[in-house]
Each structure stands twice: as C-alpha cells, then as structure tokens.
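Thanks for coming, everyone. Please have the sequence and the 3D view open while I talk.

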Amino acid sequence: MEELDAEPPLMVVPGADPSARQLCFAWGPAEVLVCETLFGRRGTGEGEPSSSRLFVVRKDQDIYIQTLRKLFNESHGIFIGLQRSEEELAGKSRKAQLVQVSKNYRSVIRACMEDMHQAAISTRDPALHSQYSTQVSILSAMELIWNLCEILFVEAAAAGPLLLRLLDWVRLHVCDVDNMVREVLSSENPSKHELFWNVVDVFVLQGRMDEARHLLSKEASANPASVNMYKILDDLMKKMPVPSLGNTQTLTEMELKWQHWHEECQRYLQDGTFASNSHMESICKILLGDEDAILEKKELMTTWYHFLVTRLLYSHPTVKPMELRFYAQSSMDLFLGGESSPEPLDTILMAAFEFEMHQVIKECSIALSNWWFVAHLTDLLDHCKLLQSHNLYFGSNMREFLLLEYASGLFSHHSLWQLGVDYFDHCPEYGRVYLELHIERIPLNTEQKALKVLRICEQRQMHEQVRSICKIMAMKALRNNRLGSALSWSIRAKDAAFATLISDRFLKDYCERGCFSDLDLIDNLGPSMLLSDRLTFLGKYREFHRLYGEKRFSEAAKLLLMLMTAHIAPCSFWMTLLTDALPLLEQKEVIFSAEQTYELMRCLEDLTAGKSDKQKFQDDDVETMKVEMLRLALARNLARVIVKEGTLEGS
Amino acid sequence: MEEVCAKFVSQKISKTRWRPLPAAALQPPDLFATGSWDNEDNRISIWSVGDVGNVGLNGEYQGEPQLLCDIRHNGDVMDMQFLDQERIVVASSTGTVTVFRHHQNNQTLSVNQRWEKAHYHVDQDTSCGGAACTGVICNNPEIVTVGEDGRINLFRADQKDAVRTIDNADSSTLHAVTFLRTTEILTVNSIGQLKIWDFRQQRNEPSQIFSLTGDRVPLHCVDRHPNQQHIVATGGQDGMLSVWDIRQGTMPVSLLNAHEAEMWEVHFHPSNPDHLFTCSEDGSLWHWDTSTDISEKPSFLHQGGRSTTYFSHNTINQSVVSAWLSNDPTKDRMEITNLIPNQTLSVNSLDVLGPCLVYGTDAEAIYVNRQLFA
C-alpha cells in the first residue's frame with residue numbers, strides 16, 4: 001500500500017526481465033499488454049533465440065477474486081435501488097432511506113467478509129490462506145471506514161447521539177478483546193479469573209455499563225467485607241447520564257446532569273473511598289475522564305480511535321461534530337506517542353474525523369486495491385448531496401469518474417461485464433460513450449450471448465452497435481455456411497447490403513444445384529422481404545417456383561414476366577429467368593398471351609443487344625444455343641397464341 | 001414472498017433443474033442442479049435444500065441451499081435435463097452433449113457418457129467448428145438435442161452413436177425442444193416457427209409447421225401442457241407468451257403480452273397445469289394462474305344420473321381447456337403475479353416441482369421458494 005499519491009506503486013511482472021530485454025507496452029481499458037522487444041539492441045544481440053513473451057498486466061486484480069463476486073453482484077442490486085429511489089422524499093425520511101442503503105452496503109461487506117473468513121479457515125493451502133486473510137482484513141477495514149462515514153456524513157448525527165453512534169462503532173469493530181471476554185465469562189467462577197478486571201475495564205472503556213455492573217455484583221457477593229465500596233461504584237455507574245436518542249432532554253439539561261455526576265465521582269475519589277482497591281480506583285479515574293488512567297489501558301483498547309471515543313465518553317459526552325477533529329488529532333498523538341507513524345487506515349479515519357470527505361475518498365483510492373469501495377461510497381455521498389460540483393480537470397465529476405473506473409474494471413472481466421452496464425447507465429456525461437466502446441469488445445461465442453448484448457444495445461438505442469453485432473453474427477453464420485441464419489441476422493440489423501450479399505449466395509447456389517436450400521426461411525420472409533431489392537427478388541422468384549410446382553402456370557408466367565419488366569431481377573439473372581420460361585412456352589396449352597410474348601421477346605433482345613459483339617463472340621456455344629432455342633420457342637408460342645386469340649375472338 | 005431464499009454463488013447461472021421425484025414420493029423435492037455460463041470455467045453443481053443442511057436450531061438455515069458437489073463443464077451450459085434420479089444431460093456451447101452421474105452415496109459427480117460435437121458447423125472432424133447445442137430433452141432412455149446448426153439428434157443414453165440425426169432440419173437456429181408424444185418432438189426456431197417432427201417418418205422434414213404471423217419474432221422456449229398434449233406454450237424474443245392448439249390452425253390461439261425482453265423459459269406446473277411460470281431477460285418471473293376461475297364454475301361432476309356422465313366429463317374438460325385456449329384470457333380468467341419485486345438482471349432459468357420453485361439469474365444468485373402456493 002502506498003502512502004503518497006505522488007509515488008506510483010512499483011509492479012514487478014514475473015518472468016519479464018527489463019535488464020535483459022526492453023519492454024514495450026500498450027494500454028487497454030483496464031489492462032496493460034507488456035511484451036519483450038529487441039528494439040535498439042540489434043547490434044549487441046548475439047543471435048540468441050528470441051522467446052519474446054507477452055504479458056497481460058491487470059490493474060484491478062480484486063475483480064478476479066471469486067468470493068468478491070458476491071460483493072459486486074449484491075451491491076449492484078443496492079446501487080440500482082439507490083438510483084431508482086425517490087429523490088422527492090423530504091428531509092427525515094430521505095435521510096432514513098439513505099442510512100438504510102448505507103447499512104445494506106455494510107451488511108454486504110460483512111457477509112462477504114464472513115464467507116472469506118470461512119474460506120480462509122477451510123483452505124489447506126498456506127498461500128491461499130494468507131491471501132484470504134489479507135482480504136478479510138481489507139474488507140474489515142472497508143467496513144470500519146464505511147461505518148464511520150455513515151455516522152459522520154450520511155446520518156450526520158448531532159451532538160449527543162453522535163457519541164452513542166461512535167460507541168456502537170467502536171463496540172462493533174474492536175473485537176480483539178471479545179475472545180478474552182468470552183473466555184472469562186464462560187469460566188466457572190469469573191470473579192476468580194486472572195483476567196477478570198481486564199474484562200471489567202473493557203466494558204467500562206466501551207461504555208457497556210450494565211455488563212460491567214453485572215460482573216462487579218458477582219465480585220461484590222464474593223467480598224462481603226468491601227460490599228459498601230462496590231455499592232458506591234455501582235451507584236456511580238448506574239447514575240452516569242447518557243445522551244438520549246430521542247428529544248426527551250436538551251443538551252444543556254444533559255450537560256448539567258453530567259456536571260453534577262462528575263463532581264460526585266470527584267468527591268469519592270478525593271476522599272479515598274476506593275483507595276483500598278487499585279482496580280476500582282482506576283475505574284473511578286476512568287469515569288472521571290483521566291487521560292493517564294485511560295491510556296494505561298492501552299492494550300485493552302488496541303486502537304487510537306477506541307481511545308478517542310472512550311475519552312469523549314468520559315470527558316466530552318456532548319461533543320459536537322465540528323469539534324471532533326481536535327480530539328481526534330490529540331488522541332492519535334497521545335495514543336501513538338511518537339512511537340509509530342500513522343498507517344493509511346489511520347490517515348483515512350483522521351480525514352473522516354476532520355470532515356474532509358474528498359481526502360477520505362482520495363486516501364481510500366490510493367490505499368485500497370479496488371475501485372468498488374470508493375465508487376459506491378462516493379455515489380452514496382453524492383446522493384446525500386454532500387459532494388457539490390467538485391469538478392475534476394478531467395472527466396466530469398468525481399462520482400462519475402470513480403463509477404466509470406469501477407465499471408471499466410467490471411467490463412474487463414470475463415463474466416462481470418453485465419453489471420458494468422448499469423453503472424455506465426448512471427453516468428450522465430460519459431457513461432454512454434464508455435458503454436459503446438466496451439460493449440463492442442465483448443466476445444460473442446454463442447447466439448444467446450449475442451442476444452443478451454443486443455438487448456442491452458437495443459434498450460439504449462445504440463443503433464451503430466446493434467448493426468455491428470448483427471453483422472458479426474451474420475458473418476459468422478455465413479462462414480459456417482448457415483445462410484438462413486445469416487439472413488435472419490441481417491434482417492434483424494436491417495442491413496440491406498448484407499441481405500443482398502446473402503441473397504446472391506442463395507441465387508448462386510440455386511443456379512449451381514438447381515434447387516433452393518432453406519426453403520422454410522425463404523417461404524416465410526413476409527414483410528422483411530422488402531429490406532433489399534435482391535431479397536425481394538429472391539422471395540418472388542421462390543414464389544414463382546412454388547406456383548409452377550402447384551401447376552398454377554398462368555400466375556407463374558405473369559410473375560416471371562413481372563420480375564423482368566419491373567426490373568426486380570438483376571440483369572445477370574435474366575437468362576435464367578428466360579430459360580425458366582421455356583417449359584411454360586412449351587406447355588400444351590398456351591400460357592403467355594401475345595402481348596406477354598412480345599414482352600418476353602423484347603427482354604431477350606434487350607439482353608442480347610446489351611452485349612457487345614466481342615462479348616458475343618466470347619460466349620460459348622451453350623449460351624448461343626439457349627438464345628436460339630428461346631427465339632424458336634417464342635416464335636412458336638406467338639404463332640399459337642395468335643391463332644388462339646384470333647379463334648377466340650372469332651367465335 | 002418471505003419464503004424465498006437467496007444465495008449468491010459467484011457464477012452466472014444459466015440453468016436450474018429440480019431432481020425428479022420417485023413415482024410414489026409425497027415429500028417436496030430436496031435436490032436441484034445448476035449450470036453456469038460465461039465463466040472462465042463453468043460448473044455443474046448439485047444443491048440440497050432439504051433437511052441435510054438443517055444447521056440452525058430454529059430451522060433458520062432450512063431454506064438456504066447447500067452445495068453438495070460440483071464438476072467442471074467445458075463451455076457454457078446451454079440446457080440441462082435430468083434423465084432419471086441420478087443422471088443429468090447437459091448441452092454445451094461447444095456442441096458437446098454430456099451425461100453426468102450424481103453419486104449420492106459419496107456426493108460426487110462424474111461423466112457417464114459424452115457425445116463430442118454432437119452439433120457442428122461444416123465438418124464434424126475438423127478441430128474447430130462446434131456449434132452450440134441450445135436445447136435438450138429427455139424421455140429416458142431417449143435424448144433429443146437441437147443446436148445452432150439447425151440439426152436434430154436423437155441419442156439413447158447407452159449408445160455411443162446417435163440413433164437418428166436430421167442434418168439441416170432447420171435453416172435458422174433451433175432454440176428449444178420438447179417431447180410432444182413418445183415419437184414426436186416440438187422445436188422452436190429463431191424465425192418464429194413451431195415445428196412438429198415425427199421420428200417414425202423416414203423423411204427429414206417436419207410433419208407440421210406453425211408460425212407466428214408477420215414479424216417472425218424468434219421463439220426461445222416451448223413447453224407442452226402435461227395432461228392435454230395439444231396445448232403448447234412458447235415464449236418469444238419480445239417477451240410474448242403464445243399458446244397454441246396444435247390440433248387446429250397454424251397460428252397461435254392466443255398471444256399474451258408479458259415480459260419486456262426475451263422470455264427464456266416457460267413451464268407448466270407438472271402436476272397443477274393451471275399454473276404456468278415464465279422468466280425473462282428483463283429480470284422478472286411471472287406466475288400465471290388460471291385456476292381461480294374454474295373453481296367458481298358450477299361443477300357438473302356431482303350432478304349424478306347415469307345419462308349425464310359422459311356429457312359432464314366433456315364439459316369439465318372443455319372448461320379446463322378454455323382456461324388456456326380462450327380468446328381473451330387476460331380479461332377475467334387469469335391472475336398474473338410477478339414473483340420478483342426488484343428486478344435487475346436476467347432470470348435465465350426456472351423450474352417448478354410440487355410446491356417448490358427454483359430460479360437462477362445473471363446476478364449470480366439462485367433463489368428457492370418452497371411454499372409456492374402458500
């Protein structure tokens with residue numbers, strides 16, 4: 001973990017040796033490609049076989065931890081809920097809602113922490129074990145910070161309740177002593193246990209008066225001689241005024257009561273009531289807020305922020321949020337006593353006590369190895385309207401910047417990309433551009449996945465991406481010789497050019513094989529037939545074959561002629577169409593009318609006239625023979641139809 | 001709704017299936033299988049929701065699914081069906097169809113039978129070119145699979161080679177398959193067609209084709225009414241539920257506007273077919289209930305009198321039929337409930353058996369509801 005944001009962390013790529021080879025790199029969205037290069041060393045190279053390797057360096061490696069996926073997925077739901085939540089809810093209910101959201105986030109962190117803890121216990125691999133343990137401590141630090149931010153920023157507890165919240169916070173997170181407490185309480189005779197007084201002290205330091213009194217009463221019954229002394233201490237502890245959560249008492253009232261109680265404690269200490277028992281005397285000193293007496297119990301508090309809260313409890317119970325910073329700073333100095341320098345966690349908590357929200361976020365970004373925490377916390381604080389227009393010189397605002405980073409990380413993951421979509425949706429400025437760039441890079445290995453990606457694009461009217469995905473799928477299908485599938489995809493994308501290309505493939509196949517493939521599709525084109533001219537022709541041409549097959553010759557003939565005269569058929573296909581007309585011309589009964597025959601003849605002449613003499617010369621004999629046969633058939637048909645029409649008119 | 005139990009499993013779930021109950025069983029199902037998709041390594045997992053994992057004193061853990069065992073699966077799990085109490089047939093995006101056996105004595109999974117590249121593009125023998133197998137249905141010992149290659153395969157669980165293969169059965173992608181009768185199957189494809197295939201016929205052509213008119217909306221799932229085999233429900237890309245009467249016409253009897261995106265699965269309740277369940281890409285899961293109306297109808301069964309017996313039976317039958325086949329079911333006959341209040345990501349799969357419902361989502365969670373009709 002780094003302390004200075006000026007000094008970037010050094011990352012060693014295992015296997016890459018910058019001293020032997022130069023390294024070059026290319027940026028990706030969330031990854032860096034590093035490869036070894038021989039650039040500039042050609043002269044010195046001794047022709048050793050180059051085994052250049054390629055490394056993928058991932059920035060956000062936490063994304064790849066299996067257990068954390070629960071955190072990402074569950075918090076995604078909370079995030080969406082928060083974005084959808086009613087902004088209109090006024091004042092108190094809105095605040096209650098936001099606090100609830102914050103608590104939900106914390107419970108997700110805790111659940112994940114427990115899972116990770118279980119994993120750490122059950123694994124036998126020491127490397128994995130240490131990895132899990134590290135994650136547990138990171139998660140627990142995240143929860144600690146989040147909880148403090150919740151108290152100070154989201155709930156913005158006022159003087160009075162503030163202290164109660166901080167006490168809860170300390171009780172929840174300082175759990176090193178819990179084992180000791182459990183051990184003493186579960187022993188046969190707690191008051192005889194060597195750690196008995198330690199446990200009483202822990203309770204007093206954490207303000208758990210009832211539990212401390214309960215223990216003391218046990219001790220008192222074992223020592224009938226000093227029962228009076230116990231009674232006095234018990235009385236003091238019982239009478240200690242605490243700030244109330246409701247509006248039952250004002251701060252001044254509370255302060256008055258407290259002053260009074262304080263003087264009473266002072267009196268007992270001075271007249272030496274507890275002089276005979278050093279344990280009880282020190283407890284009394286703690287009650288009086290004696291800093292030295294509290295500091296003596298350093299081991300029982302383990303952290304400076306515990307010391308801070310204990311100190312506040314017994315000397316400034318009505319501390320105002322804005323005064324916190326002074327007590328925090330001095331508590332840390334007193335507690336650490338110049339022996340050790342503050343760690344990143346201490347700096348973050350200190351920044352929170354100083355109400356430097358941006359500092360908290362910045363320090364967390366540096367210290368934590370993932371974007372999850374800062375992105376979600378910043379978003380929540382933004383919903384609390386606490387981060388007003390803190391514009392960065394890049395990107396839009398901080399919330400969006402962090403969300404974009406987090407979501408980009410998700411997109412670089414093999415399967416978490418779906419979560420990223422919703423985060424981009426809630427980035428008003430750059431979210432869409434990011435989404436457009438990322439979504440195109442998702443590998444589409446099955447049609448189902450393509451459909452899912454397509455749905456995401458269609459819901460957001462990303463037409464360009466829809467077209468591109470359909471085209472990719474159509475191309476794939478085409479390569480696999482699945483013409484029907486390819487056509488379906490291009491129809492979905494309304495891609496006329498591609499539909500034309502595929503229609504041509506169908507027609508080519510037909511010319512080669514003499515029958516259509518994929519009839520079930522072509523017969524059911526419906527209105528999508530109108531997408532491209534060629535597709536229309538394909539559909540109509542197939543219709544002609546169907547009519548012919550059903551022996552509805554006159555309809556078939558009409559359709560065939562129409563295909564040419566209305567210029568639906570491509571010129572290159574006219575010869576085939578005319579050849580198709582041959583059997584109709586040779587039918588026993590006359591099908592083409594005189595007028596239709598003239599039209600056919602004109603088509604044939606147009607076709608042959610269009611070709612230059614040179615081309616004609618090159619055409620093989622088959623083609624020439626076809627033309628000759630057609631001319632003959634047309635002439636014979638014309639002869640028959642003239643006779644027939646003449647006869648009909650005559651009769 | 002408080003009876004729903006969620007578990008985040010760190011993998012996107014593509015299929016969930018209850019293990020079938022033995023014929024005479026009275027207790028609710030206690031084991032289900034899930035398959036994942038789009039992970040770097042996909043898995044088939046067996047979960048227990050029975051009393052095996054009953055840890056809590058007050059039964060607080062009772063609903064929470066417990067992982068019994070899992071096994072790696074090559075490629076996305078596209079479809080999954082229990083062949084019998086022990087064997088699961090899994091369709092893969094690589095085109096391979098695998099039968100896994102669940103050994104209940106030591107809680108392990110192993111490969112029992114595998115058909116490599118049952119579905120393929122161009123050439124089965126080349127190294128690449130497997131085509132995703134999109135659907136599988138079992139009727140022990142027969143297994144039918146369909147795929148993106150438009151191919152239909154008929155396997156027998158104990159035979160190495162396919163019993164019957166229909167190449168190029170469909171020019172577009174086949175999305176799902178189900179048995180209509182023992183020798184007939186139903187398939188749906190990506191151009192809105194429902195086809196019946198009869199394995200007794202040697203021709204490689206469908207015996208009947210039904211289609212949606214006009215828009216050719218792709219169909220993604222199909223299920224047959226468990227008692228009345230002519231009633232078939234399908235779900236489409238636009239989230240529409242179509243009910244078909246395959247005895248008549250070539251078009252659906254009713255089209256019901258349902259989800260806002262692809263309907264991935266539709267299931268009639270196996271023993272209570274007045275209830276239907278559908279799930280969708282839009283993250284919703286709907287319960288369609290037509291039973292309310294029928295109970296209010298006067299029952300002809302108890303009228304007595306020998307002369308009316310035949311008639312009354314007929315009438316009852318018709319009233320049940322009309323529940324799904326009436327022209328305007330939305331108006332007064334059907335009660336529809338969305339079972340997921342805060343929907344986000346796609347619900348890919350669901351299964352119902354007895355009073356129990358299980359479903360899996362892209363948000364990497366599985367949900368179990370053990371009191372469906374409470």
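Here is a question to start: in β27(B), which residue is the bridge partner of B:Asp351? The partner is B:Val358.

Some ground rules. This is a predicted model, where local features need pLDDT of at least 70, side-chain atom pairs count only at pLDDT 80 or more, and totals for chains, interfaces and linings use all residues. Residues are numbered from 1 along each chain as its sequence is written, chains are lettered from A and ligands numbered from 1 in the order written, and side-chain values use heavy atoms, with hydrogens and water left out.

Now, strands. Helices (H or I, at least four residues) and strands (E, at least two) are DSSP runs, numbered from the N terminus. Two strands pair if DSSP finds at least two bridges between them.

Stay with β27 of chain B, residues 356–361. Is this strand buried or exposed? Buried means under 20% relative accessible area, exposed over 50%, and partly exposed in between, with a 1.4 Å probe and protein chains only. In β27(B), 6 of the 6 residues are buried, so the strand is largely enclosed by the rest of the structure. Look at both faces. On one side sit B:Cys356, B:Val358 and B:Gly360, all buried. On the other sit B:Leu357, B:Tyr359 and B:Thr361, also buried.

Next, the neighbours of this strand. Strands of a sheet pair through backbone hydrogen bonds, either parallel or antiparallel. β26(B), residues 347–353, runs antiparallel to β27(B), with 6 bridges joining the two. Across that pairing, B:Val352 stands opposite B:Leu357.

The open sheet has 4 strands in the order β1-β28-β27-β26 of chain B, with antiparallel pairing. Its edge strands are β1 (4–8) and β26, each pairing on one side only. The twist averages 15° from one strand to the next.

Chain B also has an open sheet of 4 strands in the order β2-β3-β4-β5, with antiparallel pairing. β2 (13–18) and β5 (66–73) are at the edges with a single partner strand each, so one side of each has no neighbour in the sheet. The twist there averages 20° from one strand to the next. β2(B) and β3(B), residues 31–36, are joined by 5 bridges. B:Lys15 stands opposite B:Gly35.

Over to chain A. It has 31 helices and 3 strands. Take α6(A), residues 196–205, and α10(A), residues 278–287: their axes come within 11 Å and cross at roughly 10°. Axes are lines fitted to C-alpha atoms, for helices over the stretch in contact, and angles run from 0 to 180 degrees between N-to-C directions. Angles under 35 degrees count as roughly parallel, over 145 as roughly antiparallel, 65 to 115 as roughly perpendicular and the rest as oblique. These two helices are therefore roughly parallel to each other.

Last, the overall span. Along its principal axes, the C-alpha trace of chain A covers about 145 × 75 × 50 Å. Of the 651 residues in chain A, 48% are buried.
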